[in-house]
Amino acid sequence: MNKQLILNERPKGMPDSNTWKLQESPIPDIKEGELLIQNHYISLDPAMRGWINDSKSYIEPVQLGDVMRAGAIGKVIQSKNSHFKVGQTVTGWSGVQQYTVSNGEGIYSVDDSQLPMQKFLGILGMPGMTAYFGILEVGKIREGDIVVVSGAAGAVGSVVGQIAKIKGCYVVGIAGGKKKCDYIVNELGFDTAIDYKSQNIFEAIKEACPKGLDVYFDNVGGEILEAALSRLKKHARIVICGAISQYNTIDDMKGPRNYMSLLVNRATMQGMVVMDYAEKYPMAMRDMAGWIIQGKLKSNESVYDGIENFQETFKRLFTGEKLGKLLLKVIEK
Ligand SMILES: NC(=O)c1ccc[n+]([C@@H]2O[C@H](COP(=O)([O-])OP(=O)(O)OC[C@H]3O[C@@H](n4cnc5c(N)ncnc54)[C@H](OP(=O)(O)O)[C@@H]3O)[C@@H](O)[C@H]2O)c1
């Protein structure tokens with residue numbers, strides 16, 4: 001049988017036990033041109049919260065009754081598609097389910113002989129690509145830049161900070177709690193950390209960047225974005241990657257009141273969507289793999305078990321109870 005997570009109801013605020021329901025159905029037979037994937041790990045991403053709203057975005061919303069959209073990695077266990085062989089490790093938009101039937105579109109094989117397959121959903125997957133193109137192509141970092149990144153102990157932010165260090169920047173990470181702040185400084189090599197849960201964010205950024213900041217990589221929005229805007233240097237760049245602090249809000253999203261700082265400082269604020277860089281992923285993967293092998297780029301995954309625990313695990317993205325990339329193991333022994 002195939003356990004699948006179905007979108008049952010559009011939530012108001014934080015998703016709850018009615019948002020998704022688990023359904024079991026027989027594993028379908030594959031037709032000519034198709035392959036059957038047994039998913040091992042599902043990627044849990046903040047963006048999933050946006051995909052279940054019925055509103056216009058960069059991607060169609062998940063429809064009620066559909067399998068929840070998700071990136072996943074697993075093994076081909078049957079194939080009638082000449083591009084895929086049984087035993088290959090493959091990744092793509094396989095959804096929150098244990099088995100996926102695909103015609104191969106949007107499914108890519110990966111060589112996981114050197115690294116655990118989980119890494120291809122994290123540092124060498126969508127979050128890693130987001131960090132790479134966000135900080136290099138949108139943030140346009142230069143040696144000596146002062147770079148501030150929020151969500152700094154998360155899947156994207158942890159990589160952003162490390163790439164900025166590799167490129168010779170001074171890096172300030174913003175994260176929730178002492179454990180995460182210690183991790184980004186002591187394990188990942190950030191220059192300093194701000195614990196936004198225990199410090200006044202406006203004063204802490206001022207203290208960490210007395211001369212201001214060149215690049216702010218925003219994963220969280222809200223008050224932290226406003227605090228970063230208050231410390232811009234001339235020609236600063238702000239990368240709008242996400243706004244997790246606002247995703248479950250029932251009221252209107254909170255925008256920065258002090259956006260005129262962009263004018264005063266001749267600064268730019270630019271949004272980015274990782275999929276726009278898909279053609280360049282192989283180049284980024286080569287760079288990133290090289291840095292991993294050289295020990296310059298580290299990563300962590302928090303892995304939880306069981307498709308039936310999807311909703312409880314998903315909540316960890318918003319409570320922060322995880323380190324690095326959040327994954328759900330869905331393969332059963
Ligand atoms: N534009 C794109 O193409 C693209 C692609 C991927 C991801 N994203 C965005 O990038 C951001 C990071 O994604 P990710 O996958 O790396 O997630 P993540 O950082 O691994 O997980 C989310 C983290 O956000 C922090 N957080 C939650 N609520 C917060 C709040 N109210 N204020 C401040 N921090 C809060 C938590 O860390 P703490 O414990 O530190 O609070 C949590 O661990 C998200 O906004 C996501 O939507 C965008």
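Student: Hey, how many bridges join strand β12 to β13?
Tutor: Four bridges join β12, residues 232–240, to β13, and the two strands run parallel. Keep in mind that this is a predicted model.

Student: Okay! And which residue in β13 is the bridge partner of V239?
Tutor: V239 has Q270 as its bridge partner there.

Student: What's the order of the strands in the open sheet?
Tutor: The six strands go β10-β9-β8-β11-β12-β13, with parallel pairing. On average, neighbouring strands are turned by 15 degrees against each other, ignoring direction.

Student: Why is one side of β10 and of β13 left without a neighbour in the sheet?
Tutor: β10 (192–195) and β13 (268–271) stand at the edges and each has a single partner strand, so one side of each has no neighbour in the sheet.

Student: What holds paired strands together, in general?
Tutor: Strands of a sheet pair through backbone hydrogen bonds.

Student: Switching to the ligand: how many residues surround it, and which are the closest?
Tutor: There are 26 residues around the ligand, and the closest are V156, K180, Y196, M272 and K322.

Student: What does K180 do there, in terms of distance to an oxygen atom of the ligand?
Tutor: A polar side-chain atom of K180 lies 2.6 Å from a ligand oxygen. Backbone atoms take part too: a polar one of M272 is 2.7 Å from a ligand nitrogen, and a polar one of N219 is 2.8 Å from a ligand oxygen.

Student: How much of the ligand's accessible area does the protein cover?
Tutor: The protein covers 91% of the 910 Å² that the ligand has on its own.

Student: And how do the shell residues divide into nonpolar, polar and charged?
Tutor: The shell has 16 nonpolar, eight polar and two charged residues.

Methods: Residues are numbered from 1 along each chain as its sequence is written. This is a predicted model: local features need pLDDT of at least 70, side-chain atom pairs count only at pLDDT 80 or more; totals for chains, interfaces and linings use all residues. Side-chain values use heavy atoms; hydrogens and water are left out. A residue is near a molecule or strand if one of its heavy atoms lies within 4 Å of it. A polar contact is a pair of N or O atoms within 3.5 Å; within protein, one must be able to donate a hydrogen and the other to accept it, and residues adjacent in sequence count only if both atoms are side-chain atoms. Accessible areas come from the Shrake-Rupley method with a 1.4 Å probe; for residues, only the protein chains shown count as cover. Ala, Val, Leu, Ile, Met, Phe, Trp, Tyr, Cys and Pro count as nonpolar, Asp, Glu, Lys and Arg as charged, and the others, Gly among them, as polar. Two strands pair if DSSP finds at least two bridges between them. Axes are lines fitted to C-alpha atoms, for helices over the stretch in contact, and angles run from 0 to 180 degrees between N-to-C directions.
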